Structures are given as structure tokens and as C-alpha cells.
Amino acid sequence: MLKKDFLWGGATAANQFEGGYQEGGRGLATSDTKTNGSLTCKRKHSFLNENNEIIYLHESELISHQYQAALDSNMYYPSHKAVDFYHHYQQDIALMAEMGFKCYRMSISWTRIFPNGNEFIPNEEGLKFYDDVFNECLKYGIQPVVTLNHFDMPVYLAQHQDGWLSRNTVDCFLRYCQTVFERYKGKVKYWMTFNEINLLRGYATLGIHEMNTQKYYQALHHLFIASAKAVQLGHQIDSDNQIGMMLANILTYPETCNPADIALELNVSRRLKYFFSDVQCRGYYPSYILKQWEKENIEIIKESQDDQILKDGCVDYIGFSYYNSGVVTTREDAGMSLGNGVNMAQNPYLKESEWKWPIDPIGLRISLNILWDRYQKPLFIVENGLGAQDTIDEDGCIHDEYRIHYMRDHIREMKKAVEEDGVDLMGYTPWGCIDLVSAGTGEMKKRYGMVYVDMDDEGKGSLKRIRKDSFYWYQKVIQSHGECL
């Protein structure tokens, strides 16, 4: 059986859900400069060039500091309005309570607390907003699960100190952490430091303009130090705090039993996933990454106490996302390439979503077992779900049986990992429990929620909330503690 205090809930992120980007004293975040796009037309950031003209650049095109973040009044930026949780939080939390949520995983917008990121006095209006959100959650017995930094950072820090490439950003982040740890003591006890830390890269999430391997790993070192110090700080402020990491769990299989495919998969799993959790859970850099740095002449600039900081700042639990799995192969004609000689192949044993993501419920059980065996730390599935184009039928309802099937199959495998394999699992919060904008494209048509939000890809719509069939199904799942699927 699942634990009695198992945390059923749902998950969102401020830059995809909250909106209100210029309200309440909030400052500009890197996500606010990002336009909408599509799978074929990638999102771009808007900047001023040397002639004071607005230009649009993809992160791969950013090569220097000459570009300053700017906004075009004629362009749609999805994060500015998102689905307007800022003005709908009471209604949205009431819907979560109606489903029976025990927790709500969300993020705090750093620039709502410190508009530029480097201030010493926080923005009271921003603090008050989250006070109101947490109070509303607690009114219904919903525990907030708060991600401190989810895919954005203050534009000011990106422009003036190249974001996480600067050691000073660690100090700025810790002032922010101390502020929210102290302010919300007694209201929030579940925290995570950086969302999907293994996916952070480039201007949007790291604030770095010119990316290369040396700068990437130096920025990651600063992230690891910031996370470790935040864990220690959070424990000092409130001994009840549980502070975890958050990993994008990219489960990969080797295409064949060819030893070359097996070795490739091992290398990919280490480089794309376990390196990040090894550091945050074990408290030191693993030997395989040290050998890689030696081979590539990468030198990490450290301060004298950094190794001890990593050791003393290990996380309490592992939060992770799981959506699908992939297949890696040494075949050069396989199709999609991840770069560095890594090719991806199609898995003939799995069906795919509309967005060509393999649907692999058993992979969730495998992932839970691998992470539990590797670290022996409590696990928390903080993102899982199916992105699909939902439509309102003639009866005014959204019949999303495909989402119910996806979630049912994944919850079944989740329960097997607990009940048959002995995995220590804290909770389950499916992604985008109420529809939100896509992180990858800024679109609304790729919907994950159990509540439909009337908003289109151009930011137009009434914002009306409509319960989907999956809303009532998930309500019964929670009521039955996962027995009625």
C-alpha cells in the first residue's frame, strides 16, 4: 500500500502558469523575453542590437553581451499572461481541493521577490502574493511543494553578470532562499532547489549569453554550490524543512545487446542524468566526470570550502519528472541525433503520443527502482502526464480518455514499484494539472491538465476553467488512495 500520508496532487510552474508579469512589483525574468513558437519554428528571445533595434535570436545565436533584453509591444510573450493564476489562484486552488489534492507543486518567481535579483530588501507585494497562495492551499489542507527556481532567472543578473557564470549569482540566490525560507516557515516544508537541473542550458535558464563546455560546467558548479548551501540554510531556518533536488528523468534503453550499445547507454545516462543526481545526493563529483574534464581540459574554478559545501549540502529527497523513454544506438543511420555521436532510434514496442513521445508506463517503474537502488533516498514523482490537443465536444465536455489511460497505466506501475519492489515514494503530482503554456514552444494546444483553460496559442480566450473527464477520474483515484483506477 502507498503511505497514509502519500502526497497526491498536481504541478505547475510560475513562468508557464502565473502571469501578472508586470504586477505587484515583479521584475523582468529571462522567460519573459521568450516568444511563442512551434515544433518547426522555435521560440526566440527579443533583444536590442547596437542600433537600438529589436531583434529576435535563438539561444544558439547569442554570441556576446552586446544584446540587451527587450520587449516588442507587437509580439506575444506567453509568460506575461500565461493562464493568469495571479488573478485566478483562489478559483484554481478550489478546483485542486475539489479533486482532493494533498499537495500542490508550484514555483516561486524569483523576480517577484527580488525584481533585479541583486537587491537586499525584498519586494513585499511579491511576498504577500505567495502568502495568500499558501494560505489558500492550507485552508483546504493542501501542502505547498515549492520549487525555488523553475526555468528562469532575473534578466538583470543575466545582463550584468552573465547569470550563473558569476559566483555572485550564488549569493543573490541565497538571499532569495533565506527570504522565502524565513517568510514561509510553518507554511511550506517541502522544497526543491532547481527544476530539471540536467536540462538547464543557455540564456533562458542560466542567463549565459555565449555557451561553451567550459562555461557550462562552471555555471553548473555554481548551481551545485547554490543548491547545497540552500539545503543547509533551509535546515538551519526550520528543521522540519525537507529540501530535494529535481531531475529530468531521461530513461534510455540500448537498442541492442551489442556491447557497444550497452556502453553508449551507460555513458548517456551518466552524462545526461546521473552526474547531476550523483553530485546532489552523494555530495561530490563522480570519477567519470572528473575524467571527462581532464580529457577535455576543463578546469572548474572553486573556492576553498566548495568540496565540503557539496558534501554537507546533500538533498533530502529526489523529485523527478517522467514522461517517456528513449532508445540510444550506435547506428549512424538511426534518425534523430543528440550530438556527440549519440543517435536515437524508435522503440517498436511502444505507442507514441501526438507529439511523438513514446508512452512507456513500465519505464516509470524501472526509473523508480534505478533511482531507489542508486541513492536510497525518498523519491517524489513531481511531473508526469500526457500532452494532447483537447477539444470541447458538442455537450460542452472534454472527453480525454486518452489522458486517463496514460495516467492509469503509469499509476499502476508506480504502485508496483512501491508494493512489490519496496521503493520509498513520497507522492505523485502530474504535470500541468490545470492547463498551462508549453515550456518548449509557448503554445496552449499541447495540454496536460485535468482542467481546461480557454486560451489559444496566441494568448486569446476567456480563461474560463472547465473540468475534463480526467478531473473526475483523478478525484476518485485520490479518494480511493489509488485503489480505484
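The legends below describe close-up views of a predicted model.

**View 1. The largest cavity and its lining.** The structure holds four cavities of 30 Å³ or more. The largest cavity has a volume of about 60 Å³. Its lining is formed by Y323, S353, W355, W357, P358, I359, G385, L386, G387, Y406, K446 and Y448. By class, the lining residues of the largest cavity comprise eight nonpolar, three polar and one charged.

**View 2. The hairpin of β2 and β3.** Strand β2 spans residues 45-48 and strand β3 spans residues 54-57, and four bridges pair the two in the antiparallel sense. One of the residues shown is S46, whose bridge partner in β3 is Y56. Five residues lie between the strands of this hairpin, and N52 there has a positive phi near 65 degrees.

**View 3. Strand β2 beside strand β4.** Strand β4 covers residues 68-69 and runs antiparallel to β2, to which two bridges join it. F47 is placed opposite A69 of β4.

**View 4. N49 in the loop between β2 and β3.** N49 belongs to the loop that links β2 and β3. N49 counts as buried because its relative accessibility is 13%, and the cut-off for buried is under 20%. Apart from neighbours within four places in sequence, N49 makes contact with I55 and Y67.

Definitions and conventions
Residues numbered from 1 in each chain as written. Predicted model: local features only at pLDDT ≥ 70, side-chain atom pairs only at ≥ 80, totals over all residues. Heavy atoms only, no water. 1 Å grid on protein atoms, 1.4 Å probe; cavity = no way out; pocket = protein on both sides within 12 Å on 5 of 7 lines; lining within 4 Å. Points joined across faces, edges and corners; volume = space filled by probe spheres on them. Nonpolar A, V, L, I, M, F, W, Y, C, P; charged D, E, K, R; others polar. Pairing = 2+ DSSP bridges. Buried < 20%, exposed > 50% of the residue type's maximum accessible area, 1.4 Å probe, protein only. Contact = heavy atoms within 4.5 Å.
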